[in-house]
Amino acid sequence: MDMSVLWDLSYGVYAVNTLDGDRPCGCIANAAMQVRSEPPTLALSLNKDNYTEELLLREKGFTLSIFSESNAPLDITYLGFQSGRERNKYEHVEHAFTEDGLPYVTDGSCGYLVCRITGSHDCES
């Protein structure tokens, strides 16, 4: 892994990308942070009612695309203002797949991290 991507992680807008079977699915998040450097560990906050959160708990793997300031606002609209339960959010979003088959956003993204879930915590509502 190119550790420089992790070290440059700051407050921003991210696409959390995973799979629903073989279909890319994901959402927008603005709360991701490095909590440990060895091993590299992130904390990610998602609304527990999001379909993506359900998929992450099932699939245990995802990518985190880091949007640059030049990201197309429509990507945020497609990934953030509709549910992957009913729509293919990635139909109009440029994306590719990692060697492991996980999707990541390519247009307007300045990097991405490949992650696996090692634990979760429900913060209640």
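These notebook entries record what I looked up in one predicted model.

**Basis.** I worked with a predicted model in which local features need pLDDT of at least 70, side-chain atom pairs count only at pLDDT 80 or more, and totals for chains, interfaces and linings use all residues. I numbered residues from 1 along each chain as its sequence is written, and side-chain values use heavy atoms, with hydrogens and water left out.

**Secondary structure.** I found three helices and eight strands in the chain; helices (H or I, at least four residues) and strands (E, at least two) are DSSP runs, numbered from the N terminus. Along the sequence I read the pattern α-β-β-β-β-α-β-α-β-β-β.

**Overall form.** I noted a radius of gyration of 13 Å, which agrees with the value near 14 Å that a compact globule of 125 residues would have. This radius is taken over C-alpha atoms, and the globule rule is 2.2 Å times the number of residues to the power 0.38. Along the principal axes, the C-alpha atoms fill a box of roughly 40 × 35 × 30 Å.

**Burial.** I recorded 36% of the 125 residues as buried; buried means under 20% relative accessible area, exposed over 50%, and partly exposed in between (1.4 Å probe, protein chains only).

**Aromatic rings.** I searched the whole structure and found one aromatic pair. Tyr-104 and Tyr-112 form this stacked pair, at 3.8 Å centre to centre with 15° between the planes. Rings of Phe, Tyr and Trp (its six-membered ring) pair if their centres lie within 6.5 Å; planes under 30 degrees apart count as stacked, over 60 as edge-to-face and the rest as tilted. Tyr-104 counts as buried because its relative accessibility is 16%, whereas Tyr-112, at 32%, counts as partly exposed.
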